[in-house]
Every structure is written in C-alpha cells, then in structure tokens.
Amino acid sequence: MTLNRRLKAALTVLTGVVLVAVYVPLALVMVNSFNVSRTFVWPPPGLTLHWWKVAFHSAGARHALLVSIEVALLATVVALVLGTLAGLGLRRTRFYGRHVVSLLIILPIALPGIVTGIALNNAFRTMLGLDLGFFTIVVAHATFCIVTVFNNVQARLQRVGASLEQASADLGAGPFTTFRLVTFPMLRSALLAGALLAFGLSFDEIVVTTFTAGPQVQTLPIWIFQNLFRPNQAPVVNVVAATLVLLSAVPIYLAQRLSGDVVTSTATP
Amino acid sequence: MATSTASAPARAPRPGRGSLLSRSEGARTGLLLLPPMLWLGVAYLAALGALFITSLWSQNDFTGEIERIWSFDNYRQMWEVPVYRTIAFRTIGIAALVTVIDAVLAFPVALFMAKVASPRTQRLMVIAVLMPLWASYLVKAYAWRGMFSEGGLIDWAGAPFGIQSPGYGLTATTITLAYLWLPYMILPIYAGLERVPDSLFEASGDLGAGSVTTIRRVVLPMAFPAIVAGSIFTFSLSLGDYIAVQIVGGTSQLLGNVVYTNVGSANNLPFAAAYATIPVVVMVLYLAAARRTGALENL
C-alpha cells in the first residue's frame, strides 16, 4: 500500500463525517418519537412515552401494516416462482435472446418508478378495465420483485456449476427428483436472500403503489404519507417511523447469517 | 473411484432415459422461461406499449373521457408550455446534481472501506452502509423534514455558526435525494475498488507517484465504470422521485409531480403518459452512454 498516512487519515475522517450524516437523521426520528412537542422543536422540551401508546392503538396504522405484510408476502411468492424459473431457464443456454430476457427482467426496476407506476395504472384501468385495489398492488409489486430473486438464483447457479446435477442424472434421477434433491438445496440460501430482498422492496415501495392502489387500500408507506402532513397524526407517524428504523436491523441480521451473497446483490435497488 | 468420476461427465445421457424435458435443452429452456416471460410480457411490456399509445390520444375537457383520436398534441404541449419545459429541465438538473454529490461523497468512503479499513472494520462498514437501505424510504425522507424544519436540528446546530436551515425547497430536496441514494453509489464503487489489486498501488508508488497521483491516475480510472454503474441508480431514482419533493420541497414541483397530478386530480392520463416518456428517453440515452464505459457489467 502506498497511500500515505495523511491520505489515510483524511479518508478515515471523511468516512466518519459521512457516517454521522447518514445516521443523525435516523437518530433524530428515534429521539423525536419521545419528543413532547408536536412540532418537534429542538432540543426537545421534554420526553414522553405517550406517542408510543397512541401509535400502538392506532387502528389505521395497524391495518395498513397488515396490508403491507400481505402484499409483500404474496408478491414475494410470485417473484420466487417466476425468478427461479427465469434463472434456471437462462442457465447454460446461449440463445440470442438471452440479453433481451435479462433486460426485460431488470426493466421494471431500472425505469423510474413513475413510469412503471403510470404504465401499470393505465394498463389496469384503461386497457383491462380493472378496479385498482389489493390485487393490482400485488401484481405490480411482483413485477418489480422478480429481479431480486433472479439475480440471486443466477449468481448461485453460476457459482456451483452443473456437475452435481449431472451426477444426479447419471445416477438415474429424473429432472424433478434432481430439482427436489439437488438443485433446490443448492439454491436454498440464494432463494432466501432473494425473498428477503423482494419482501423488503415490496414492503417499502410507495411510488408504484400510489399508482396502483386505488382509494380504498392503504399500505403502510401510503398510510405514513397520508398522515405525514396532519399535525394531529405527526407524532404517531414519528413512532411508526422509529419502529421501522429499529426493524431495519432484522433483515441486516438475517442477511449476515445468509452469507455474503446478499451484500453484493443488494446493490440492485 | 477416480476412474469412474473422470469418465462420468464425458458420458452422454443414454437415449430413452428421462423425460423429454431432460433430453431437449431448448424445450426445457422454453418451458422454464415461458411463465416469467408471459408475466413480464403481458404485465409490463404490453403496459409500456399501451402507455405510449395512450400518450397519442387526447382527453375531452368536458366529459373527462379519453378520446381515441391520434395526434402529437400532448408532445407539442409538453414542449410549448414553458412550465412543463422548465420542470423537465429542472428535474434532469437535480438528478445530475444528486449524482455528482453522491459520487463525490461515496468515493472516499468506498476507498476507505476497500483499501484502508481492517477486515473487521470492512465488515462493519458494509453493515453500516446497508442498514439505511433497509430503513424505509419514507422514513428517511421524513427524517429530513425534521432536520430542515423551523427550529429543527439544523437551525439549532447551525445557530452558533450563523448557519440557517435552507427551509423546504429545491435545496432541501437535492440534499434529501442525495442522502436517500448514497448507499447505491457506495456499494458498487466499493465492489469495484475491492477488485483493484494492492500490487497496482505499489507499482504506482515504485514508479514514483505520490498517493494523490496514484488515486487520480490509477484508482479513479479503474473505479470509473463502477461510479457510472452507481450513477445509473442515483440518476434514475432521482429522475422519477416525486414523494421526497412533496415532503421537503415545499411547493416545488418535479417531473413526477406533473405525471402524478395528471393521472389523479387533473385526470389527463394521455398527457401524463406523454410526459412520462421524458424519463424513459433520458434513461435509455443514459444507459446507452453508460454501456460504452463497460459499466453495465458492474451492476
């Protein structure tokens, strides 16, 4: 290494400053959830647990949370099936459409959310004559979640190669037996990582959701967004926000246990 | 033992064994790809196509019904009405600014992670960078609302230095967007720098280059494709964002707001569809340019 001491020190300091800037706003949300003041003046005039109690009993927030979990679970299941199929289908094949298929899978997330959102909104309403609601959110979310599963499956398949499956076939196992006893166990942690990302992506999504949810259904992000500007609800929103910050440690913990795969593939939003 | 494993891969599958699926690679690929391609083709490609078709239709101002008369009126309006032009250029400008800010902030952090930190610190740093990614998007935008608010943290911390919060507006929006997408820039650059072997640093030093020269002439050129890869995310995500600007932007409008208002309250879907082609065209051009740098292999 030829980076000299001064430069190393500068890099360390800069990194520290960026980290502080990253975490101060999150810490502020945490502290403000105990802030007595409804307008969050700083420093807080006093601390209270009152808002946490109010938030816990907020019917709107609880219902929205349930909807979000249901949507994310269903979208994840669809993404798991379609992403795995696509990953297996594109393996070891060099047909010319390969790049087109990968592009098609990544497109719903590569294009800005409003484009995906308005395209689906228009297709559901104008073209198919559907009413927006729970079902349309799930379809929309599944569409942009496929890529997370696909990426993880593809990376794993590339790494492990095909020799074990060939051995299984040589020993007389049919394709389904081979999938069940050899391929699936090899893929399991990659699938978990993909599912985790898909769930997180869906749970947090708001842009596409606002275009596909319709007026009746509220996911948690939509609930937060609609209550953000109401002075009465602001402290409750703050508690929900603080809870979500705390909960973000859960997937990180799971991802760490799942091996390094997750770390690199998270770079795809 | 050794002979059997050596001969096994070379042996072709015996005919008559296994189903059609295992025998014909092409048929299997087709069957596997059919469901995801049907889903994406029907639910997504068709939707994008329909969006473009809708942008060529028009809206009856009285009934609010969509009239299927073909014209380029929406596109003409987009270009001729000054406010729409301003908003489009403003959005592209902010997306570019956010990308530059993120690149400038992310590079030293990524370099620290890849080449200065100990393996243990490295692992912790990856977690520290990933963690905010999992914290809800809305929560992060909302957190900055608290930071910028009157009498909020920035006002309080800046008071001794005579610094004031910029208040809600485009500056606040730019800062918030840069904050939101920063991890998407750090991670690819970190991955790219990790692949640069230490021996290159030594070679550069042996040839007489100082640290700064090494970074400028060796590290930066090698990290460039990774920076471009990260910029695809920061640029695309900023281009389409219309939530953060509503939370910290005051009354400012970005491209996404125009689209959203025209889908919702203004109920002019054809115009919204036409306006939404701007980010698509911009992103296609951006991706085409990024492709030339080899950045797409860094995603």
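**Entry 1: confidence**

I began with the scores for the complex as a whole. The predictor gives an ipTM of 0.83 and a pTM of 0.85.

I then took chain A by itself. Its pLDDT averages 86, and 93% of its residues score at least 70. I asked which element of chain A has the lowest mean pLDDT. It is helix 13 (residues 261-265) of chain A, at 45, while helix 3 (residues 59-89) of chain A has the highest, at 93. I noted that residues 261-269 of chain A stay under 50 in pLDDT. For that stretch the model has 30 contacts beyond four places in sequence.

For chain B the average pLDDT is 84, with 90% of the residues at 70 or above. I wrote a reminder to myself: where pLDDT is low, the predicted coordinates should not be read in detail.

**Entry 2: chain A overall**

I looked up the secondary structure of chain A and found 13 helices and zero strands. I also looked up the extent of the chain: its C-alpha atoms fill a box of roughly 75 × 65 × 30 Å along the principal axes.

Of the 269 residues of chain A, 47% count as buried. I then checked the contacts in chain A with a separation of 6 or more, and 77% of these are accounted for by residues 24 or more positions apart.

**Entry 3: helix 5 of chain A**

I picked helix 5 (residues 113-127) of chain A and checked its length. At 1.5 Å a residue, its 15 residues should span 21 Å, and the end C-alpha atoms are 20 Å apart, which agrees.

Is this helix largely enclosed or largely open? Twelve of the 15 residues of helix 5 of chain A are buried, so the helix is largely enclosed by the rest of the structure. I listed some of the buried residues, including A:Gly113, A:Ile114, A:Asn121, A:Asn122 and A:Phe124. After the helix comes A:Gly129, which has a positive phi, near 65 degrees.

**Entry 4: where A touches B**

I looked up the contact between the chains. On it, 79 residues of chain A are in contact with 88 residues of chain B. Which element gives the largest share of the side of chain A that touches chain B? It is helix 1 (residues 5-32) of chain A, with 14 residues. By class, the side of chain A that touches chain B has 56 nonpolar, 20 polar and three charged residues.

**Entry 5: chain B overall**

I counted 14 helices and two strands in chain B. Of its 299 residues, 45% are buried. Among contacts in chain B between residues at least 6 apart in sequence, 72% join residues at least 24 apart.

The domain assignment of chain B gives domain 1 (19-55) and domain 2 (82-298). Their C-alpha centres lie 33 Å apart. Four residues from domain 1 of chain B and six residues from domain 2 of chain B take part in the contact. On the domain 1 side, I found two nonpolar, two polar and no charged residues.

I turned to helix 13 of chain B. Seven of its nine residues are buried, so this helix is largely enclosed by the rest of the structure. The buried ones are B:Leu255, B:Gly256, B:Val258, B:Val259, B:Tyr260, B:Asn262 and B:Val263.

I asked what covers the buried residues of helix 13 of chain B. The cover includes helix 5 and helix 9 (207-212) of chain A, together with helix 5, helix 11 (211-240) and helix 14 of chain B.

B:Ser265 sits in the loop between helix 13 (255-263) and helix 14 (269-292) of chain B. Is B:Ser265 buried or exposed? It counts as exposed, because it has 8 C-beta neighbours inside 10 Å, and the cut-off for exposed is 12 or fewer. Last, I looked up the distance between B:Ser265 and B:Leu220: they are 45 residues apart in sequence and 47 Å apart in space, C-alpha to C-alpha.

How values were computed. Residues are numbered from 1 along each chain as its sequence is written. Chains are lettered from A and ligands numbered from 1 in the order in which they are written. This is a predicted model: local features need pLDDT of at least 70, side-chain atom pairs count only at pLDDT 80 or more; totals for chains, interfaces and linings use all residues. Helices (H or I, at least four residues) and strands (E, at least two) are DSSP runs, numbered from the N terminus. A residue is buried if 20 or more other C-beta atoms lie within 10 Å of its own, exposed if 12 or fewer, and partly exposed in between; C-beta atoms are placed from the backbone. Two residues are in contact if their C-beta atoms, placed from the backbone, lie within 7 Å. Ala, Val, Leu, Ile, Met, Phe, Trp, Tyr, Cys and Pro count as nonpolar, Asp, Glu, Lys and Arg as charged, and the others, Gly among them, as polar. pLDDT is the predictor's confidence in each residue, from 0 to 100. The expected span of a helix is 1.5 Å times one less than its number of residues. Domain bounds come from an automatic or database domain assignment.
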